[in-house]
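Visitor: Please take me through this structure, one part at a time. I am new to the subject.

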Amino acid sequence: MPPGPIPGYLLIADRGNDRVLLVDSRKRILWRYPRPGVPPAMPFHFDDDVFFGPRFDRIISNQEDQHTIQILSFPGGRLLWRYGHVDVSGSARGYLHTPDDAYLLPSGLVSVADAYNCRVLFISPAHRIVRHYGSSSTCTHDPPRYLGSVNGATPLPDGGTLVSEITGSWVDEIGPRGRLRWALHVPVSYPSDPQPIGRGRILVADYTRPGQVLIVTRSGRVVWRYGPTSGPGELDHPSLAVPIAPGLIAVNDDYRDRVVLISIRTKRIVWQYGHTGIAGRTAGYLNTPDGLDLLPTADAQRNPAVRHLIESASQAGR
């Protein structure tokens, strides 16, 4: 395992720099997209989120202000699939309006929170919408028939979806057959990208300043909170919080230009990539990072191409 707190490697959507980085605990850049000096096959602007596919050989990214989704091979960086029209929003087939949280599901479908169309879409490889929650004609809280502006749509292990609605600060759990299981008004001003963490608990970021990260039960009880209101620990519009190891949470601290790891026990930042409040593009800097995912060490080692990439980058000292 690489030395340091990360049990693998962090994939970061460096939104303000229009790129994706893979870094290790030593803060070395092991991989990036687009490759320096190589124009991408499709415009790649405002990459709001980035996640690995189920086998860690694909990366899916939604370009929020570009209104598109892209699937790339990993580590090859080849464009494999796309959806949406570059810089054109809409609600007709083939169009999106500010897509958020696109995931590549084990079934091969792509799920996405089509934020300002107030819906969650499930899209086939042939670009056909096979299922949806919400409607572009009505933005209100009545899941799954209608949804408010959707900030996140996290897949659940059983095929369900955890949805966050901005207006009203709602988090909804919708089962795999499209039935609402529960809806919770969470005590935040802007719920962002809720994540299930087991035992009926939800991890959610509050996308505001000062920002906070909460663990809440399905009844709405707050069982853990991180939210300093000043100093180096303060968060400014955290967009995503995910558990990456026992007792350790990774957080995109968007407007402080960093990704941080927070200890649940001590409520302290124990590691960060990026310089606090200083946007940049050179090594060690980020600009409004808005998405992340973990490449576990074991999965990296199982893929010969990824293993070679990491070994070569480590030996080069990047």
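Guide: The buried residues of helix 2 are covered by, among others, strand 1, strand 3 (29–33), strand 24 (289–296) and helix 1 (297–302). Helices (H or I, at least four residues) and strands (E, at least two) are DSSP runs, numbered from the N terminus. Buried means under 20% relative accessible area, exposed over 50%, and partly exposed in between (1.4 Å probe, protein chains only). This is a predicted model, in which local features need pLDDT of at least 70 and side-chain atom pairs count only at pLDDT 80 or more, while totals for chains, interfaces and linings use all residues. Residues are numbered from 1 along each chain as its sequence is written, and side-chain values use heavy atoms, with hydrogens and water left out.

Visitor: Which residues of helix 2 are buried?

Guide: Val306, Leu309, Ile310 and Ala313 are buried in helix 2. They lie on the same side of helix 2, because they cover an arc of only 90° around the axis; the arc is that of the directions from the helix axis to the C-beta atoms. In general, an α-helix has 3.6 residues a turn, so residues three or four places apart point the same way.

Visitor: And which exposed residues does the face turned away carry?

Guide: That face of helix 2 carries the exposed residues Pro304, His308 and Gln315.

Visitor: What caps the N-terminal end of helix 2?

Guide: Asn303 is the cap: a side-chain oxygen lies 3.0 Å from the backbone nitrogen of Ala305.

Visitor: New topic. How many salt bridges does the structure hold?

Guide: The structure holds 14 salt bridges. A salt bridge is a side-chain nitrogen of Lys or Arg within 4 Å of a carboxyl oxygen of Asp or Glu. One of them joins Arg15 and Asp48, whose closest N and O atoms are 4.0 Å apart. Arg15 lies in the loop between strand 1 (8–14) and strand 2 (19–23) and Asp48 in strand 4 (residues 47–52), so this pair ties together parts that are 33 residues apart in sequence.

Visitor: Are Arg15 and Asp48 buried or exposed?

Guide: Arg15 and Asp48 are both buried. Another salt bridge joins Arg258 and Asp253, at 2.7 Å from N to O. Arg258 is buried at a relative accessible area of 1%, and Asp253 is buried at 0%. There is also one network, in which salt bridges that share partners join Asp158, Glu173, Arg181 and Arg218.

Visitor: How many residues has the largest nonpolar core?

Guide: The largest core has 43 residues, and those with the most contacts inside it are Leu10 and Ile69. A nonpolar core is a set of buried Ala, Val, Leu, Ile, Met, Phe, Trp, Tyr and Cys residues joined through side-chain atoms within 4.5 Å. Strand 10 (residues 119–123) gives the most to this core, with four residues. Apart from this core lies another, of 21 residues, among them Val20, Leu30, Trp31 and Ala313.

Visitor: Where does Trp271 lie?

Guide: Trp271 lies in strand 23 (residues 269–273) and is buried, with a relative accessible area of 8%. Residues up to four places away in sequence aside, Trp271 touches several others, including Pro5, Leu10, Ser25 and Val259; contact means heavy atoms within 4.5 Å.

Visitor: How many residues apart in sequence are Trp271 and Ser25?

Guide: They are 246 residues apart in sequence and 8.5 Å apart in space, C-alpha to C-alpha. The backbone oxygen of Ser25 lies 2.9 Å from a polar atom of the Trp271 side chain.

Visitor: One last topic: the backbone. Is the peptide bond from Phe74 to Pro75 cis or trans?

Guide: The bond from Phe74 to Pro75 is cis, with omega near 10°, and Pro75 lies in the loop between strand 6 (68–73) and strand 7 (79–84). The bond from Arg209 to Pro210 is cis too, with omega near -10°. Pro210 lies in the loop between strand 17 (201–206) and strand 18 (212–217).

Visitor: Is the phi of Asp101 positive or negative?

Guide: The phi of Asp101 is positive, near 55°. Asp101 lies in strand 8 (residues 99–104) and counts as buried at 0% relative accessibility. Cys118 also has a phi near 55°; Cys118 lies in the loop between strand 9 (110–114) and strand 10. Most residues other than glycine have a negative phi, and most peptide bonds are trans.

Terms used: A polar contact is a pair of N or O atoms within 3.5 Å; within protein, one must be able to donate a hydrogen and the other to accept it, and residues adjacent in sequence count only if both atoms are side-chain atoms.
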